[in-house]
Amino acid sequence: MTSAEGEVFDVELEVNILRENERLAKENKSRLESKGIHAVDVMGSVGSGKTSLIKSMISRLKKDLRIAVIEGDVTTTIDSDIISSEGVPTVQVNTGKECHLDANLIRKALDKIPLDKLDLIFIENVGNLICPAEFPLGSDRRLVVVSVTEGPYMVVKHPMMFRDAKVVAINKIDVAAAMGVDPNKLSADVARLNPKAATVHTSCRNGIGVDEVIEKLGLKNR
Amino acid sequence: MHEFAIATSLVEALLELVKKQSASKVLEVHLSVGKLRVVSIDQLKFSYGILSKGTALEGSILDVEETPGFARCNNCNYTQKLDTDDLSFHFGLPQMTCPKCTTNLILEGGDELLITRVRMLAPSTSSTVSTNGPV
């Protein structure tokens, strides 16, 4: 086929549009595996309690495991300041205008952490239940945090986020009655979307369920 | 709003292809996007239009074929087309438990995010370009 400007030709191919992110995610994963480090990608809305849950888990695990945290946020160092009070290394990643972390940001963050002296990394994603689902980071398990204060339809309205989750924490159950939200209904929604995920009811304020999240994530007795 | 990031990756991949194929211009880009991906096609096209300006991609048609979700049960071989257009069902991801034997369903389609075909223009000085060029 020709046109006035030259010859027209077609190329048939099968290229993953996000191949660069996938490639870097795989690279991050093998880098962590080679050091024997487990990485948990923690996802959930703004205010669901991701930071509080991570902090609660660290205070229980830090005597047995060497832990670091990568904190993703659009701006501020609020979360990494909260976490660093636990005495573990933290790296704040500010995405500026992006609504999610990506594998390249994690690759750069890993350069700032002493990987030879670690067993476990928590990666707190940007508070958002939509975009992070599209960008694997290289973690080997995902934890999704949903709180009852977000209302009764949080799970069914954001189904993709739960597809690859190993554990889903239904957080702030201490205020469930006041919110008029049934945590069991949220658990049932998760079970329908992802029957493989373990669901745990938690309250970081009262320490409820934190040990169970640790156990279901497979972080105990390592 | 992550569509801008996806469009950025798309443009990078296409410009690489243009270079590899020594094309002067891209006329059409065909994508296959699964209905279970969290991608807004309108936003993707809008972002592509902005990012392609001033490049060999400017003015090209971005055609997106949306592929349906499809699940299979590994235990009893039950198959199910996932009706993601039925908003009363579940917006993105329907039930993933087999209704016949309660085993977990495996996703077999609807997860794609691919460039499938690109129509390009070879400079008129070139005389040995096939109509179905190498990948």
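Start in chain A, where Val167(A) stands opposite Ala198(A) in β9(A). That pairing belongs to a predicted model. The model scores ipTM 0.76 and pTM 0.84.

**Strands β8 and β9 of chain A**

- Strand β8 of chain A covers residues 167–171, and it pairs with β9(A) in the parallel sense over 4 bridges.
- Strand β9 of chain A covers residues 198–201, and both of its faces are covered.
- On one side of β9(A) sit Ala198(A) and Val200(A), and on the other sit Thr199(A) and His201(A); all are buried.
- Leaving out residues up to four places away in sequence, Val167(A) touches Leu143(A), Ala197(A), Ala198(A), Val200(A), Val213(A), Lys216(A) and Leu217(A).

**Nonpolar cores**

- The largest nonpolar core has 70 residues.
- Ile123(A), Val167(A) and Val168(A) have the most contacts inside that core.
- A second, separate core has 24 residues, including Leu14(B), Val26(B), Leu62(B) and Ala122(B).

**Helix α2 of chain A**

- Helix α2 of chain A spans residues 50–61.
- Its 12 residues should span 16 Å at 1.5 Å a residue, and the end C-alpha atoms are 16 Å apart, which agrees.
- Of the 12 residues of α2(A), 10 are buried, so the rest of the structure largely encloses this helix.
- The buried residues of α2(A) include the run Lys50(A), Thr51(A), Ser52(A), Leu53(A) and Ile54(A).
- Also buried in α2(A) are Lys55(A), Ser56(A), Met57(A), Ile58(A) and Leu61(A).

**Where the two chains meet**

- Chain A gives 35 residues to the contact, and chain B gives 40 residues.
- Four elements of chain A each supply at least two residues of the side that touches chain B: β2 (6–16), α1 (19–34), α5 (154–157) and α7 (183–193).
- Strand β2(A) provides the largest share of that side, with 11 residues.
- By class, the side of chain A that touches chain B has 17 nonpolar, 6 polar and 12 charged residues.
- Strand β2(A) is joined by 9 bridges to strand β6 (residues 113–123) of chain B, and the two run antiparallel.
- Across this pairing, Val15(A) stands opposite Ile115(B) in β6(B).

**Chain B overall**

- Chain B has 2 helices and 6 strands.
- Along the sequence, chain B reads α-β-α-β-β-β-β-β.
- Chain B has 135 residues, and 31% of them count as buried.
- Take the contacts in chain B between residues at least 6 apart in sequence: 80% of these join residues at least 24 apart.

**A close look at Glu108(B)**

- Glu108(B) is in strand β5 (residues 105–109) of chain B.
- Glu108(B) counts as partly exposed because it has 13 C-beta neighbours inside 10 Å.
- Not counting residues up to four places away in sequence, Glu108(B) touches Phe70(B), Ala71(B) and Arg72(B).
- Tyr48(B) is 60 residues from Glu108(B) along the chain, and their C-alpha atoms are separated by 28 Å.

- Lys172(A) is not a glycine, yet its phi is positive, near 60°.
- Lys172(A) sits in the loop between β8 and α6 (176–179) of chain A.
- Is Lys172(A) buried or exposed? Lys172(A) is buried, because 27 other C-beta atoms lie within 10 Å.
- Ser22(B) has a positive phi of about 50°, and it is not a glycine either.
- Ser22(B) lies in the loop between α1 (3–20) and β1 (25–34) of chain B.
- Ser22(B) counts as exposed, because it has 12 C-beta neighbours inside 10 Å.

**Confidence in chain B**

- Chain B averages a pLDDT of 84, and 82% of its residues score at least 70.
- Residues 126–130 of chain B have a pLDDT below 50.
- Beyond near neighbours in sequence, that stretch has 5 contacts in the model.
- Where pLDDT is low, the predicted coordinates should not be read in detail.

Technical notes:
Residues numbered from 1 in each chain as written. Chains lettered and ligands numbered in written order. Predicted model: local features only at pLDDT ≥ 70, side-chain atom pairs only at ≥ 80, totals over all residues. Buried ≥ 20, exposed ≤ 12 C-beta atoms within 10 Å, placed from the backbone. Pairing = 2+ DSSP bridges. Contact = placed C-beta atoms within 7 Å. Nonpolar A, V, L, I, M, F, W, Y, C, P; charged D, E, K, R; others polar. Expected span 1.5 Å × (residues − 1). Core = buried A, V, L, I, M, F, W, Y, C linked by C-beta atoms within 7 Å. pLDDT = per-residue confidence, 0-100.
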